[in-house]
Amino acid sequence: MSRVVFGVSPSPFLLAATIRKHIKQYETEQPKTVEALRECLYVDDFIASASNVDEALSVTTKAKEILSHAGMNLCKWITNSPELRAKWTEGGMEHTTETATCGNVLKVLGLVWRSEKDDFVFDLKGLLDIMKGKENTKRNVLQTSARVFDPIGFLTPFTIRAKCLFQELWERGVGWDDQLPSDLAEKWDRWCAELPQLHQLDIPRWYQIDINPDSQTVKLHVFCDASERAYSAVAYLQGENKEKEIVTSFVASKSKVAPLKKMTLPRLELMGALIGARLGNNLLKPLNMKINQLNMWTDSMIVLHWIRSTAQRWKPFVANRVAEIQGLTNPELWSHCNGKNNPADLPTRGQSVENLLQSQLWWSGPISLSSAEEVESIDEDCIADEVSRELRSKFQTVVQLSTVEQAEPLLDLGKYSRLKTVLRITAWVRRFITNARSSPRTQGELTTEELTAAEVYWVKVTQNQSFSQEICQLKSGRDIKKDSKIRDLKPFF
């Protein structure tokens, strides 16, 4: 084919590979523009920003020129700067305005962006029209909630309510086209009634912070929390604006409903910390920040103790997640925050649109993100019981006295998966030892007696390892203690 066909599996790769190969020849001449094309081109949409009008004009004109050499025309430009728009007009670049887009709504990768005010809004007019006259069924719940497109997570405290409701429908076994139970129908109607209020929400696109990888004032704060219904994480950018004032801006959030299989609250808190670690790590590259600029927060002392300890100490569920968290973030950058000041608590409980619009905690984070008062020392006595439940058995304190001398076994059984192989190797080793000590030497294939002796050897080794105290007591002529697992079997030599 001489064209990249939409829908074919290799098409995305072919398009990206072709563009990368084409722009590579301009790296020495236009390094900034090439870098912008490499990082800011999403299939056929070029989305970038610049610190001033001259830089933006340079990038846009050169990007258009570079791609035009490959037969690709960048057109329908739009910007939040009237001055840049005027210069595009002078240069003959084709640009558009919001009124020229479909229905006065401009969507950028699915998000509605008002370029004049430079903010994001939610246009749900089409969704509200579709909902009219529809019955309350599980299918309708899924269709409606899925149409609220919110990849960044602005509405997480509101949308999590629909997710929890959908999970509850599965728990009750409601069919796809069955009417919702009365109590769940009431929750669903209340959620749908709040959808029109989302039109009042406008989120500034600009963080108002100049991000510098070497800056000590610019920080990325990620908060984690969990409840019995859901767990979540939310990230904020903190830094100085042009007036040298400390400002914080909402960056992104993630949430998931709690698994149907019941879990302890500390484990759910750990799940929240895990998605928080993933969120923070994924945001570092697009924000051009370093790992030491990332601060992680949780209101669970138990989770904080797990993360700051060796992963191998804990049971597999905790160990696997702690290991991933430690690989994505620096354990030293994890701190404790007060539950009342944790914005990640809002998605775990669900919020109405009215509360979400007025929540300063959600949109700006806690008043003081990095103050020393927020960091608390871990109270070992307070969390000892909960922490010890997740310890592996080999890390638990066990005192056992034994006077039975145990020789080192001939083989490491962990390296073998078949008993027959173990017995044959053991028989050959025992024959070698016997031939080395005495004569005449035994030759030929292994005999049944030698294989039986090898089996008896491993029975003795296993008994000495598992029942050393019982063997010691029997040899000394004493009765086996009542707490022995084999007392009822009346063991003897």
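Two strands are said to pair if DSSP finds at least two bridges between them, and helices (H or I, at least four residues) and strands (E, at least two) are DSSP runs numbered from the N terminus. The model on your screen is predicted, so local features need pLDDT of at least 70 and side-chain atom pairs count only at pLDDT 80 or more, while totals for chains, interfaces and linings use all residues. Residues are numbered from 1 along each chain as its sequence is written, and side-chain values use heavy atoms, with hydrogens and water left out.

**First stop: the five-stranded sheet**

Select residues 219-226, which are strand β7, together with residues 230-240, which are strand β8, and you will have two strands that pair in the antiparallel sense over eight bridges. Within this pair, C224 has A233 in β8 as its bridge partner. Now widen the selection to the open sheet of five strands, whose order is β9-β8-β7-β10-β11 and whose pairing is mixed. At the edges stand β9 (246-257) and β11 (334-336), each of which has a single partner strand, so one side of each is left without a neighbour in the sheet. From one strand to the next, the twist averages 25°.

**Second stop: the four-stranded sheet**

Select next the open sheet of four strands in the order β3-β4-β5-β6, where the pairing is antiparallel. Its edges are β3 and β6 (202-204), and each has a single partner strand, so one side of each is left without a neighbour in the sheet. Strand β3 (residues 107-108) and strand β4 (residues 111-114) are joined by two bridges, and V108 stands opposite L111 in β4. These strands form a hairpin with two residues between them, and L109 in the turn has a positive phi of about 50°. Moving on to strand β5 (residues 119-121), you will find that β4 pairs with β5 in the antiparallel sense over three bridges. Here W113 has F120 as its bridge partner, while V112 stands opposite V121. The hairpin of β4 and β5 has four residues between the strands, and D118 in its turn has a positive phi of about 55°.

Select residues 419-437 for helix α16 and residues 448-466 for helix α17, which pack at an angle of about 105° with their axes 8 Å apart. The two helices are therefore roughly perpendicular to each other, a label used for angles of 65 to 115 degrees. To see the contact, show side chains including V422, L423 and R424 of α16 and Y457 and W458 of α17. By class, this contact has eight nonpolar, one polar and five charged residues.

**Last stop: a cavity**

Finally, select L127, I130, M131, K134, N140, Q143, T144 and R147, which line the largest cavity; on a 1 Å grid over the protein atoms alone, a cavity is a set of points where a 1.4 Å probe fits but cannot get out, and lining residues have an atom within 4 Å of a point. About 30 Å³ of space lies in this cavity, a volume being the space filled by probe spheres set on the points. Both α5 (125-131) and α6 (138-146) supply at least two residues of the lining.

Definitions and conventions
On a 1 Å grid over the protein atoms alone, a cavity is a set of points where a 1.4 Å probe fits but cannot get out, and a pocket is an open set with protein on both sides within 12 Å along at least five of seven lines; lining residues have an atom within 4 Å of a point. Axes are lines fitted to C-alpha atoms, for helices over the stretch in contact, and angles run from 0 to 180 degrees between N-to-C directions. Angles under 35 degrees count as roughly parallel, over 145 as roughly antiparallel, 65 to 115 as roughly perpendicular and the rest as oblique. Contact means heavy atoms within 4.5 Å. Ala, Val, Leu, Ile, Met, Phe, Trp, Tyr, Cys and Pro count as nonpolar, Asp, Glu, Lys and Arg as charged, and the others, Gly among them, as polar.
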